[in-house]
Amino acid sequence: MSHPETARPTDPVEMTAVELVSAYAAGTLSPVEATEAVLAAITARDTDINAFCLVDPDRALVQAKDSEARWQSGHVRGLLDGVPISIKDIFLTEDWPTRRGSLSIGPEGPWTVDSPVAARVREDGMVMVGKTTTPEIAWKGVTDSPLTGITRNPVDPTRTAGGSSGGSAAAVAGGMGPVSVGTDGGGSVRIPASFCGIVGFKPTHGRIPLYPASPFGPLAHAGPLTRTVEDAALMLDILALPDPRDPTALAPTLTTFRGQIQRDVRGVTAAYSPTLGYVRPDPEVEAIVSGAVRVLEAAGLRVSAADPGFTDPREAFDVMWAAGAAAMLAAFPPGARENADPGLRRVWEHGETLAATDYLDARAVAAQVAITMGTFHTAYDILITPTVPIPAFAAGHDVPPGSGMADWPDWTPYTYPFNLTQQPALSIPAGYTSDGLPVGLQIVGPRHSDDLVLAIGRFAELCLSAAP
């Protein structure tokens, strides 16, 4: 299948990570110039968006100059040496505070440890420009907190960017760096990717090592937010390198993810489930995703309408989520409860009522959903759904105003099931509503099929960009 060539951008803030590295190699752009452009974009745009809670221009420019010297000497350090990147303020970063969106965590430190994500980024030679906003302890599907305020959607600043990696998604979508890294415990990479019109990937649990261990345990994943699937695959090649501090981390892969995304996936069997059997999506969202699926079917995917066969596992998710939040917050200093986000306070209090048997019962439900999906994938290579059943709603609210919903999982039914099952799940842009708001398409694969999910995502990305 051929695809039309598009003009490559020349403005560094519009370039993908792959395009930046190509320009560095050709000598038409330097890491210093790219970093200066990203820092200027942050200065110009982030007052309205509030994607960053920390920006460190001096340190970023030192890293960029070091990268420039490596490119000039021909001794490049890594795959994305010199590419500007931001990191969600959940990951520990040496010499920068990690406040997790909480008034109860002070900036004093000492901050002497890099998380595996930060360590891999540094080792690759990427330029860390700053840290992105998060709701308190990344607890919800939008991004606002008592510490940093409201993060807004660059597509329409009156709307939420989603969450909990909303700062990372807003940074990438707003031209304030080509790539970022977020966390995903119930959809927190995929939700903001969908709302902001970019790519967000939650790999198989353990594919990206984590330290310290997340209180959300088996729900917790890290993942890249990028403008293209190719950039996401490259980021995974970097972030998935081993780290001895995560005993749940998977073994290294024998191939590269970027090397796998170019393979021919025509003939792959895909189940399309617009409702999972129990969701009522916004009609316009469903129409956009269904139209995208028809394009993919015409291009060579073997698509059938099929639901996975599990009932909504919301109750089990809520138990695991509340238990994790309560466990983490119990270690916070006196006064934390009073200073916490009111919604988080309710989750905290619910978690304190739970017994160990409640948690084990919820884990059993998660295991059964995973078994159901494992069987489902013997018939279908992938599952396609909308990423979120609604477009982005008004900023500053946990749920759409006037919806009657109580909590953020009420409007994220397509994402949290696949945290329970620990499967890889990718959100790519599917189109725009009549109001110009992005809609995401989610691709879910069996555990350990990260390469397949990315390959189909790349195929879909190309097909949808070429569609009339």
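How many of the 16 residues of H10 are buried? The answer is 12, and the helix is mostly covered. Before the details, note that this is a predicted model. Its mean pLDDT is 97, with 99% of the residues at 70 or more.

Back to H10. The buried residues include Arg314, Phe317, Met320, Trp321, Gly324 and Leu329. What do the buried residues of H10 pack against? They pack against helix H12 (342-352), helix H13 (356-376) and H14.

Now the core. The largest nonpolar core has 107 residues, and within this core Trp411 and Leu454 touch the most other members. Helix H10, residues 314-329, gives the largest share of this core, with 10 residues. If we leave out neighbours within four places in sequence, Leu454 is in contact with Phe201, Val229, Ala232, Ala233, Leu236, Phe257, Ile261 and Leu426. There is also a second, separate core of 25 residues, with Val38, Ala51, Val129 and Ala161 among them.

Next, the aromatics. The count comes to 12 aromatic pairs. I'll take two of them. Tyr278 and Phe310 have ring centres 6.3 Å apart and planes at 55°; edge-to-face needs over 60 degrees, so this pair is tilted. Tyr278 sits in the loop between strand E11 (269-272) and helix H9 (283-299), while Phe310 sits in the loop between strand E12 (302-305) and H10, 32 residues apart. Of these two residues, Tyr278 is partly exposed at 25% relative accessibility, and Phe310 is buried at 7%.

The other pair is Trp321 with Trp408, with 5.8 Å between centres and 70° between planes, an edge-to-face arrangement. Trp321 is in helix H10 and Trp408 is in the loop between strand E13 (382-386) and helix H14 (417-420), so the pair ties together parts 87 residues apart in sequence. Elsewhere, Arg337 lies over the face of Trp348, at 4.3 Å from the ring centre.

On to the backbone. Most residues other than glycine have a negative phi, and most peptide bonds are trans. Which bonds here are cis? One joins Gly163 and Ser164, with omega about 10°; Ser164 is in the loop between strand E7 (156-160) and helix H5 (166-173). Another joins Tyr211 and Pro212, with omega about -5°, and Pro212 is in the loop between strand E9 (199-202) and strand E10 (221-226).

For phi, Arg100 has a positive value of about 55°. This residue is in the loop between strand E2 (84-88) and helix H4 (116-124), and counts as buried at 16% relative accessibility. Ala138 also has a positive phi, near 60°. Ala138 is in the loop between strand E3 (127-132) and strand E4 (144-145), and is buried at 7%.

One caution to finish. Over residues 1-5 pLDDT stays under 50, and the model has 7 contacts beyond four places in sequence for that stretch. Where pLDDT is low, the predicted coordinates should not be read in detail.

How values were computed
Residues numbered from 1 in each chain as written. Predicted model: local features only at pLDDT ≥ 70, side-chain atom pairs only at ≥ 80, totals over all residues. Heavy atoms only, no water. Core = buried A, V, L, I, M, F, W, Y, C linked by side-chain atoms within 4.5 Å. Buried < 20%, exposed > 50% of the residue type's maximum accessible area, 1.4 Å probe, protein only. Helix = DSSP H or I, 4+ residues; strand = E, 2+ residues; numbered from the N terminus. Contact = heavy atoms within 4.5 Å. Phe/Tyr/Trp six-rings, centres within 6.5 Å; stacked < 30°, edge-to-face > 60°. Lys NZ or Arg CZ within 6 Å of the ring centre and 35° of its normal. pLDDT = per-residue confidence, 0-100.
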